[in-house]
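Me: I have a structure open and want to learn how to read it. Can you take me through some features?

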Amino acid sequence: MPYVNRLSRRFDFWGTPHVGKPATVMVSPEDAPIVITALNRMRISHEVLIADLGPEVERERAETEALRLALPRKPRVAAYDRYMTFEEIDAHVHETVAANPDVASLLDLGLSYEGRELHGIKLSNGAAGQKSVWFDCAIHAREWIAPPVCLRIIDEVLADPALRDLADWYILPVANPDGYSYAWTDDRFWRKTRRPNEGSSCIGTDPNRNFDFLWDSVGDFCSEVYPGSSAFSEPECGAIGNFVASNADSLVLYVAVHSYGEYILYPFGHTVEPVPNVDDLIAAGTAAADAIEAVAGARYSVENSASGLYFTYGASDDYAYGINAVSYSYTFELTGGGSGGFNPPASLIQIVVDEVWPGVKALVEYTLAN
């Protein structure tokens, strides 16, 4: 299906805008002259990186489909040589649970707006009173490099009883199944959910602005960061939020896996003022960053969300920390790649999961020991 740019009269920043650093923004053909005129007026240097993104997306789509056909999914085996569809990931979760009934159980969080199952996995040694950790991936639909990280976590924890002795692990590989599926079939760079907005032709809400912590009602329906009609208006966000709040007695760590930028971000997104345990958050994040760097030299920057990325309200990691459900809460921004940063080639999947897993392990070990 042809790629359609759905950013009419809107601008979509890719990566992290910083003062003194380059920023990348995708604009519609209609808006390009407006943006160029504004940049010239402000004397901001600029260049066109990709004049027409459509052919790039079509090439990637053809490559993805060719790999899917050439490398059919094997039961109970996560694919790290190609991207997996939502249906493949969901089937993998179910097969993994069925094959490992002593340590794995299905995490059933309900249904998405379009009726897809919000299924994750719990990995546990079954001991009473265990602390627990949470990981979710791909709450932003276009961030396809994130689910392989969640699948790698499942593989590693299944294989190592010592990791299950540390904590109960909850892993949700695709937190936005409707958007993720739409990014496969229609718009590769779709970010939001797929619930319609009353009174607007613009579809969807930014799920990482929809959590019930300092939720901000201000927003344009068509904006990539539209926060929704109310906090937890999106069933996917409400399901995650309810689980986190209901398990606050045992949860120690919350991690949302995103892309891209090579950051480990800690609360809060609405202020640069340090939180009470900021030293612990930095120390744990640094342990993770050091472990990642030791693999192949990629250095993840450990920063406050507001100062390191940008100001946000209603984010999932801020919610988990802000309601006192966890003492440690982070967003991982993975390595980017491809024509736009959000579309790394499949050849990078194995590299990313290999370098990030030691960081995840170090983070969990640190947070549970302190």
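Reply: We will go through salt bridges, an annotated site and a surface patch. Keep in mind that this is a predicted model.

Me: How many salt bridges does a search of the whole structure find?

Reply: The search finds 15 salt bridges. One of them joins arginine 82 to glutamate 88, with the closest N and O atoms 2.8 Å apart.

Me: Are arginine 82 and glutamate 88 buried or exposed?

Reply: Buried means under 20% relative accessible area. Arginine 82 has 2%, so it is buried. Glutamate 88 has 13%, so it is buried too.

Me: Which residue forms a salt bridge with arginine 152?

Reply: Glutamate 156 does, at 2.8 Å from N to O. These residues are four apart in helix H4, so about one helical turn separates them. Aspartate 354 also forms a salt bridge with arginine 152, at 2.7 Å. That pair links distant parts of the chain: aspartate 354 is in helix H11, arginine 152 is in helix H4, and they are 202 residues apart.

Me: What does UniProt list for Glu333?

Reply: An unreviewed UniProt entry lists Glu333 as "active site". Such annotations may be inferred rather than shown by experiment. Glutamate 333 lies in strand S10. Its relative accessibility is 7%, so it counts as buried. Its side chain reaches the backbone nitrogen of serine 259 at 3.4 Å. Glutamate 333 also touches other residues, including His258, Tyr300 and Leu309.

Me: Which residues form a nonpolar patch on the surface?

Reply: Leu214, Val272, Phe311 and Tyr313 do, with about 380 Å² of accessible area together. Valine 272 sits in the loop between strand S8 and helix H8. At 48% relative accessibility, valine 272 counts as partly exposed.

Technical notes
Residues numbered from 1 in each chain as written. Predicted model: local features only at pLDDT ≥ 70, side-chain atom pairs only at ≥ 80, totals over all residues. Heavy atoms only, no water. Patch = residues over 30% accessible without salt bridge, like charges linked within 9 Å, V, L, I, M, F, W, Y side chains within 5 Å. Areas by Shrake-Rupley, 256 points an atom, 1.4 Å probe, with all protein chains shown as cover. Salt bridge = Lys/Arg side-chain N within 4 Å of Asp/Glu carboxyl O. Helix = DSSP H or I, 4+ residues; strand = E, 2+ residues; numbered from the N terminus. Buried < 20%, exposed > 50% of the residue type's maximum accessible area, 1.4 Å probe, protein only. Contact = heavy atoms within 4.5 Å. Polar contact = N/O pair within 3.5 Å; in protein donor to acceptor, adjacent residues only side chain to side chain. Lists of a residue's contacts leave out its neighbours within four places in sequence.
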